[in-house]
Amino acid sequence: MSPLGLYNYWVVIFLMMTGFYVVIARGNLIKKIIGLNIFQTSVFLLYLTMGKVRGGTVPIFAEIRADIYTHPLPSVLILTAIVVGIATTAVALALIVRIREAYGTIEEDDLDAINREE
Amino acid sequence: MLLLTLLAATAVTIARMRSLLAAVMLTGIYSFLGAGWMLLLDAPDVAFTEAAVGAGVSTVLMLATLALTGSDMKPRGHSPWLPLAAVLVTGAALVYGTMDMPAFGDPNAPIQLYPSPSYVDKTEAEIGVPNVITAVLGSYRGYDTLGETTVIFTAGIAVLLLLRGRHRRVRGDDTPSDGETPR
């Protein structure tokens, strides 16, 4: 097995870690959500990478039948995950709007300082 | 290969970016590149959804939030080395984990052997729609999809409850996000 066979996984891990870094290193709450989205997309790509088969094609039947089809299950799971992801993002953004209203800031450090004063 | 490099470069640029507005726009580009890769991985349905939801709806939601909260971002006080170290260690552990993964496109990978007979073989006789993904989504895993709609319903209610009464508290500040009546 050639090491290039794992190249896709490594790109996925790189994207995943970039998102992870944004989530833990940046103080702005919106930036954290953006990082979470990067992380999320990398998970989608990981699933789809596993489903792809060499020489396979899209699992949709046409006039001419192909011999090999890519596995349909990852696509189905990820379709569900994308929609659930946008729902959670919407709730997170609504929470951020309320935090901004209540505290006047969406920087984590400032929020910490305000909480310590109280 | 070029697409993957572009994807990685976009992600790093988003991570380094100070302007939130530019970061949000780049997230849209990132989603589109991701959708392109999904198309190459034989998942056109997912690519459509990602382009519409990831690059479209998500960007609009982020921009609406930025309009309400402002797009300035303060640099953080402490050094970035601790999170960077945590990320590198996690990444190394994950790369070590991929050593046991089947190679990309391997027809004998575990995922390709189950379920047997596969959805592709069963769909035409049992469901009768040409798109196997639709058949699995709507029929074989129909409860998943029902659960998904429940999640969206719950999220919609949560957003409405969270944003309700903004008009009462913040005078003269009109919400562009949803069309609810002021109370």
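This is a predicted model: local features need pLDDT of at least 70, side-chain atom pairs count only at pLDDT 80 or more; totals for chains, interfaces and linings use all residues.
Residues are numbered from 1 along each chain as its sequence is written, chains are lettered from A and ligands numbered from 1 in the order in which they are written, and side-chain values use heavy atoms, with hydrogens and water left out.

**Exercise 1. Describe chain B as a whole: how many helices and strands does chain B have?**

Step 1. Chain B has 9 helices and 0 strands. Helices (H or I, at least four residues) and strands (E, at least two) are DSSP runs, numbered from the N terminus.

Step 2. Along the sequence this gives the pattern α-α-α-α-α-α-α-α-α.

Step 3. Of the 183 residues in chain B, 36% are buried. Buried means under 20% relative accessible area, exposed over 50%, and partly exposed in between (1.4 Å probe, protein chains only).

Step 4. Now look at contacts, meaning heavy atoms within 4.5 Å. Among those in chain B between residues at least 6 apart in sequence, 37% join residues at least 24 apart.

**Exercise 2. Work out which residues of H4(B) are buried, and where they sit around the helix.**

Step 1. Find helix H4 of chain B at residues 81-98. Its 18 residues reach 26 Å from first C-alpha to last, close to the 26 Å expected at 1.5 Å a residue. The expected span is 1.5 Å times one less than the number of residues.

Step 2. Pro83(B), Val87(B), Gly91(B) and Thr98(B) are buried in H4(B). These residues are on the same side of H4(B) because they cover an arc of only 65 degrees around the axis. The arc is that of the directions from the helix axis to the C-beta atoms.

Step 3. Turn to the face away from the buried side, where Trp81(B), Leu82(B), Leu88(B), Val89(B) and Tyr96(B) are exposed.

Step 4. The cover over the buried residues of H4(B) includes helix H1 (7-25) of chain A.

Step 5. Zoom in on Thr98(B), which has a relative accessible area of 6%. Leaving aside neighbours within four places in sequence, Thr98(B) is in contact with Leu6(A), Tyr9(A), Trp10(A) and Ile13(A). A polar atom of the Thr98(B) side chain also lies 2.5 Å from the backbone oxygen of Val95(B).

**Exercise 3. Explore the largest nonpolar core: which residues touch the most other members?**

Step 1. A nonpolar core is a set of buried Ala, Val, Leu, Ile, Met, Phe, Trp, Tyr and Cys residues joined through side-chain atoms within 4.5 Å.

Step 2. The largest one holds 57 residues, and Leu15(A), Ile30(A), Trp37(B) and Val46(B) touch the most other members. Among the helices that each supply at least two residues are H1 of chain A and helix H2 (20-40) of chain B.

Step 3. Not counting residues up to four places away in sequence, Trp37(B) touches residues including Val11(A), Leu45(A), Leu3(B) and Leu7(B).

**Exercise 4. Follow H6(B) to Val132(B): is Val132(B) buried or exposed?**

Step 1. In H6(B), the buried residues are Tyr119(B), Val120(B) and Thr123(B). They fall within an arc of 90 degrees seen down the axis, so they line one face of the helix.

Step 2. Asp121(B), Ala125(B) and Glu126(B) are exposed on the other side of H6(B).

Step 3. The cover over the buried residues of H6(B) includes H3 of chain A together with H7 of chain B.

Step 4. Val132(B) is found in helix H7 of chain B and is buried, with a relative accessible area of 0%.

Step 5. Beyond neighbours within four places in sequence, Val132(B) is in contact with Pro59(A), Phe61(A), Pro72(A), Tyr119(B), Val120(B) and Thr123(B).

**Exercise 5. Examine Asp42(B): where is Asp42(B) found?**

Step 1. Asp42(B) is found in the loop between H2 and H3 of chain B.

Step 2. Asp42(B) has a positive phi of about 65 degrees although it is not a glycine. Most residues other than glycine have a negative phi.

Step 3. Asp42(B) is buried, with a relative accessible area of 9%. Setting aside neighbours within four places in sequence, its contacts include Lys52(A), Gly56(A) and Thr70(A).

How values were computed:
A polar contact is a pair of N or O atoms within 3.5 Å; within protein, one must be able to donate a hydrogen and the other to accept it, and residues adjacent in sequence count only if both atoms are side-chain atoms.
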